[in-house]
Amino acid sequence: MADKNVSVAAKYKKRSQAGEIWHRMRKNKGAMLGLVIVALLVFVALFADVFLDYETDVIGQNIAQRLQHPSAQHIMGTDDVGRDVFARLLYGARFSLAVGVAAVAFALVVGVLFGSVAGFFGGRIEEVIMRISDMLAAVPSILMAIAIVSAIGQSTLNLMIAVGVTSVPQFIRITRAAVMTVRNQEYIEAAQSIGLSKFEIIWSHVLPNCLSPIIVQTTLRVASAIISASSLSFLGLGVPSPDPEWGSMLSTGRKFIRGYSYLTVFPGLAIMITVLALNLLGDGLRDAMDPKLKR
């Protein structure tokens, strides 16, 4: 009887917050599919060097094998200078994901910093921050990114900065809104009463209770950042050649799209599947972290 009671108690033991989120996410098939695809892409990006030699397999040219259709030897064919499309596609995951993650990390730090200050302090500080954010948001993100890259030069680092700057207003808004919902809670008043500084309160008490919408926004913005980075590379303003970024592969392949459509189909599918997986994961996280949807 005692063992039975212990098993029942273990079954209904209250899960931690992270455990509860994971429990709800596992019920969402779309979110789990997105998680598996993203995990696979991250694995490929991290360990691409283990499977491929960058100098020979990725950027090494072999004119004798140029423009070969998909076959057993080259499962995705070769490009106009004889490089294996499949190898470049795998290695390109490193560039596309790195640009997306780094750009969003930059936007996350800047956006959360200014958004939390605006939401907590209010008044003139909030007005200044939000009006600057509105001005940034008023300019189409792709045009702003083009202007930034044109001004500071073409490189992978500059691409990350350009895409990151265009994502800052979204993080400022979502963080400000989240902070405003908790800044008048009793535990914030208690922290103020014991003499904690405002920045200590923001860091230790406010932001930890605003993580859910910020995490969801981060996941969704990585997908948008990958599209923006690919668009800039397609226009010749992104990752410099011969690095195999998916957008630049699309740009190169469009010249041969009539007879060699695989040069654009496979990079396009890579971008589409990655963005779809991130959106599925983001939607699943949003549903799992929303207390109103708790079952």
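This is a predicted model: local features need pLDDT of at least 70, side-chain atom pairs count only at pLDDT 80 or more; totals for chains, interfaces and linings use all residues.

Trainee: Which residues form the nonpolar patch on the surface?

Mentor: Leu40, Val42, Phe43, Leu46, Phe47, Val50 and Phe51 make up the patch, and together they have about 710 Å² of accessible area. Two or more residues come from each of the elements α3 (29–46) and α4 (48–51), and α3 gives the most, with 4 residues. Phe47, for its part, is found in the loop between α3 and α4.

Trainee: How should I read a pair of aromatic rings, and how many aromatic pairs are there?

Mentor: In general, a pair of aromatic rings is described by the distance of the centres and the angle of the planes. Here the count comes to 7 aromatic pairs. One of them joins Phe43 and Phe51, with 6.3 Å centre to centre and 55° between the planes, and it is tilted. Ring pairs also link Phe43, Phe47 and Phe51 into a cluster, and these three residues belong to the nonpolar patch as well.

Trainee: What is the geometry of the pair formed by Phe121 and Phe199?

Mentor: The ring centres of Phe121 and Phe199 are 5.7 Å apart and the planes lie at 50°, so this pair is tilted. Because Phe121 lies in helix α6 (residues 85–121) and Phe199 in helix α11 (residues 198–206), the pair ties together parts that are 78 residues apart in sequence. As for accessibility, Phe121 counts as partly exposed at 29%, whereas Phe199 is exposed, with a relative accessible area of 56%.

Trainee: Turning to the serine, is Ser233 buried or exposed, and with which side chain does its own side chain make a polar contact?

Mentor: Ser233, which is found in helix α12 (residues 211–234), is buried, because its relative accessible area is 5% and the limit for that class is under 20%. Its side chain makes a polar contact with the side chain of Glu245, at 3.1 Å. Leaving aside neighbours within four places in sequence, Ser233 is in contact with Leu159, Gly238, Val239, Glu245, Gly247, Ser248 and Ser251.

How values were computed:
Residues are numbered from 1 along each chain as its sequence is written. Side-chain values use heavy atoms; hydrogens and water are left out. Buried means under 20% relative accessible area, exposed over 50%, partly exposed in between (1.4 Å probe, protein chains only). A polar contact is a pair of N or O atoms within 3.5 Å; within protein, one must be able to donate a hydrogen and the other to accept it, and residues adjacent in sequence count only if both atoms are side-chain atoms. Contact means heavy atoms within 4.5 Å. Patches are made of residues with over 30% relative accessible area and no salt bridge: like charges are joined within 9 Å, nonpolar side chains (Val, Leu, Ile, Met, Phe, Trp, Tyr) within 5 Å. Accessible areas come from the Shrake-Rupley method with a 1.4 Å probe; for residues, only the protein chains shown count as cover. A salt bridge is a side-chain nitrogen of Lys or Arg within 4 Å of a carboxyl oxygen of Asp or Glu. Rings of Phe, Tyr and Trp (its six-membered ring) pair if their centres lie within 6.5 Å; planes under 30 degrees apart count as stacked, over 60 as edge-to-face and the rest as tilted.
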